[in-house]
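Dear colleague,

Please find below the structure that I am handing over to you. My findings follow directly after it.

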Amino acid sequence: MRDLPQHRPVLAGTVHNGTSEESVRLEALPEGHLLHVLGAIEPSALAGELVKAGFAKSSIRKAGFRQWFVTGDEPLAAASLDALASALAGKAFVMDQSHGRVRIGVSGRHSRVLLSKGTAVDLDPSVFPEGHSVMTMVGHLSVQIVRTGDDSFELTVLRSFAESLWEDLTHMAASAEKDGV
């Protein structure tokens, strides 16, 4: 019998701490689940269907016109995905992107300085509050940025670009620590 390929988290165990614990922290987040939902459904209705299907701990992030990413740390259960797809039939389509995208946490008092080195998005809390998300470019890579706290963000990138983004963020972190106020 032939061995099948095994899933290996692309950034498994990777963490970058800045020069001080509060400065900048990069963290490879768990590769739980990431679903792409497309269709004419409001986020509140989607949230209700997520709870019924077993995705109560998941977050909904706007990913474009009538598009959302549903993310969570828990592994994807096929029965939950089937239940969600059935509940959304006729309203929206759901596609599993868990294997194709990676989430990276960026936090610390210089996190905005770090991200400003790679994107033109205004990350000031008055413009980009907690829970807000945007699809943008970080350098040459397409990334979704979500504010998850006062000084914390989550970046979602295609799996094949995760290591490149990690390297870019590591270099930007060193620069942000020098420039941070």
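**Helix packing and overall fold**

The crossing of helix 1 and helix 2 is right-handed. Please bear in mind throughout that this is a predicted model. The axes of helix 1 (residues 43-53) and helix 2 (residues 78-88) come within 9 Å of each other, and the angle at which they cross is roughly 145°. On the side of helix 1, the contact is formed by Leu46, Glu49, Leu50 and Ala53, and helix 2 contributes Ser80, Ala83, Leu84, Ala87 and Leu88. Sorted by class, this contact comprises seven nonpolar residues, one polar residue and one charged residue.

After helix 2 comes Gly90, with a positive phi near 85°.

A further glycine deserves a remark. Gly54 sits in the loop that connects helix 1 with strand 4 (59-64). With a relative accessible area of 56%, Gly54 is exposed. In sequence, Gly54 and Ser80 are separated by 26 residues, yet their C-alpha atoms are 5.8 Å apart in space.

Turning to helix 4, its 18 residues (162-179) should span 26 Å at 1.5 Å a residue, and the C-alpha atoms at its ends are 25 Å apart, which agrees with that expectation. Buried in helix 4 are Ala162, Leu165, Trp166, Leu169, Met172, Ala173, Ala176 and Glu177. Viewed down the helix axis, the buried residues fall within an arc of 140°, so they line one face of helix 4. His171 and Lys178, on the other side of helix 4, are exposed.

As to the protein as a whole, there are four helices and 10 strands. Along the sequence they are arranged in the pattern β-β-β-α-β-β-α-β-β-α-β-β-β-α. Of the 181 residues, 43% count as buried. Among contacts with a separation of 6 or more, 66% are between residues 24 or more positions apart.

With kind regards

Key: Residues are numbered from 1 along each chain as its sequence is written. This is a predicted model: local features need pLDDT of at least 70, side-chain atom pairs count only at pLDDT 80 or more; totals for chains, interfaces and linings use all residues. Side-chain values use heavy atoms; hydrogens and water are left out. Helices (H or I, at least four residues) and strands (E, at least two) are DSSP runs, numbered from the N terminus. The expected span of a helix is 1.5 Å times one less than its number of residues. Buried means under 20% relative accessible area, exposed over 50%, partly exposed in between (1.4 Å probe, protein chains only). The arc is that of the directions from the helix axis to the C-beta atoms. Axes are lines fitted to C-alpha atoms, for helices over the stretch in contact, and angles run from 0 to 180 degrees between N-to-C directions. A crossing is left-handed if the near helix is turned anticlockwise from the far one by less than a right angle, and right-handed if clockwise. Contact means heavy atoms within 4.5 Å. Ala, Val, Leu, Ile, Met, Phe, Trp, Tyr, Cys and Pro count as nonpolar, Asp, Glu, Lys and Arg as charged, and the others, Gly among them, as polar.
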